[in-house]
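We will go from stop to stop, selecting as we go.

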Amino acid sequence: MTTPDGPHLLARQRQQHILAAVNEHGGVRVAEMVDQLGVSEMTIRRDITGLVRRGLVARVHGGAVAPSRSAQEPAFATKATQHQAEKARIGTLAASRVEAGDAVALSAGTTTLAVARALTAHPDFTTLTFITNSLPAADVLHQAVLQAREGGRPAPTVVLTGGERTPSDALVGPATVDYLRSVRVDWVFLGAHGFDPEIGLMSPNLQEAATNAALLATGRSAVAVLDSSKWGVRGLRTFCELSELAVLVTDAPPDEATTEAATTYDFSLEIATDDD
């Protein structure tokens with residue numbers, strides 16, 4: 001995408017540039033647009049407000065993303081190409097909480113997939129037990145199990161729940177919920193379609209929300225893993241309120257409302273930076 005000469009652009013031209021960037025990359029950050037267009041942060045925020053009013057983008061913390069409907073569920077392949085470096089950092093930081101002998105549950109999602117990848121490199125990987133309704137996460141863990149066995153090493157236990165497959169490659173439904181009712185784990189790692197500091201973690205899929213709620217109930221401690229593009233994004237149903245969280249791991253400092261919520265509901269807010 002060609003970068004225009006920012007200082008000479010009219011508001012509509014700047015908005016067209018912002019919209020083109022959102023369509024190409026799935027989202028933009030205010031700071032990036034300030035650098036590209038050579039205008040103030042206030043100007044960019046005003047331009048984003050104009051796009052929001054026209055229904056062309058959705059505002060999130062620090063920028064804007066393509067608009068999504070509360071019941072619209074993006075495909076896993078689409079989400080997997082977005083914010084990869086941020087998700088990898090989140091996965092590494094979140095996985096560092098796990099200790100030898102722990103049982104771990106992973107919800108579906110591309111950020112929990114990053115957690116699964118990080119856990120395959122965990123020094124105590126072979127002592128862990130995994131339960132997941134995520135087909136990609138189960139595959140990553142299974143491949144690591146095969147490598148361990150081929151190398152003559154012990155392998156962890158990996159359990160994939162049954163259920164109906166969703167566009168986000170999750171297994172959901174009554175069979176999944178029934179199975180999870182009898183499970184107890186140490187850690188539950190939860191991804192989400194969206195996050196609101198008053199509402200909590202949300203999903204656009206009613207069955208996936210119900211399954212995530214059942215997954216949440218299995219754990220001693222719940223860890224939300226969310227890249228910053230999820231701030232302010234709404235889903236059709238909430239499956240985890242902030243009072244149920246132990247930890248929220250993200251890639252950038254959130255807004256003041258989320259910081260205050262961490263104090264109010266007593267959960268740890270951790271930022272996975274490039275230095276981690």
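Select Met 202 and Thr 238. Thr 238, in β13, is the bridge partner of Met 202. Now widen the view to strand β11 and strand β13 (residues 237-240): three bridges join them, and they run antiparallel. Strands here are DSSP runs of E, at least two residues, and helices are runs of H or I, at least four, numbered from the N terminus. Two strands pair if DSSP finds at least two bridges between them.

This is a predicted model: local features need pLDDT of at least 70, side-chain atom pairs need 80 or more, and totals for chains, interfaces and linings use all residues. Residues are numbered from 1 along each chain as its sequence is written, and side-chain values use heavy atoms, without hydrogens and water.

Strands β10 (residues 194-196) and β11 (residues 200-203) pair in the antiparallel sense over three bridges. A hairpin of three residues joins β10 to β11.

Jump to Thr 218, in the loop between α9 (206-217) and β12 (219-225). Is Thr 218 buried or exposed? It is buried, with a relative accessible area of 1% (buried means under 20%, exposed over 50%, partly exposed in between, with a 1.4 Å probe and protein chains only). Its side chain reaches the backbone oxygen of Leu 215 at 2.6 Å.

Last stop: helices α1 (residues 11-25) and α3 (residues 41-53). They pack at an angle of about 75°, with axes 9 Å apart (axes are lines fitted to C-alpha atoms over the stretch in contact, and angles run from 0 to 180 degrees between N-to-C directions).

Note on methods: A polar contact is a pair of N or O atoms within 3.5 Å; within protein, one must be able to donate a hydrogen and the other to accept it, and residues adjacent in sequence count only if both atoms are side-chain atoms.
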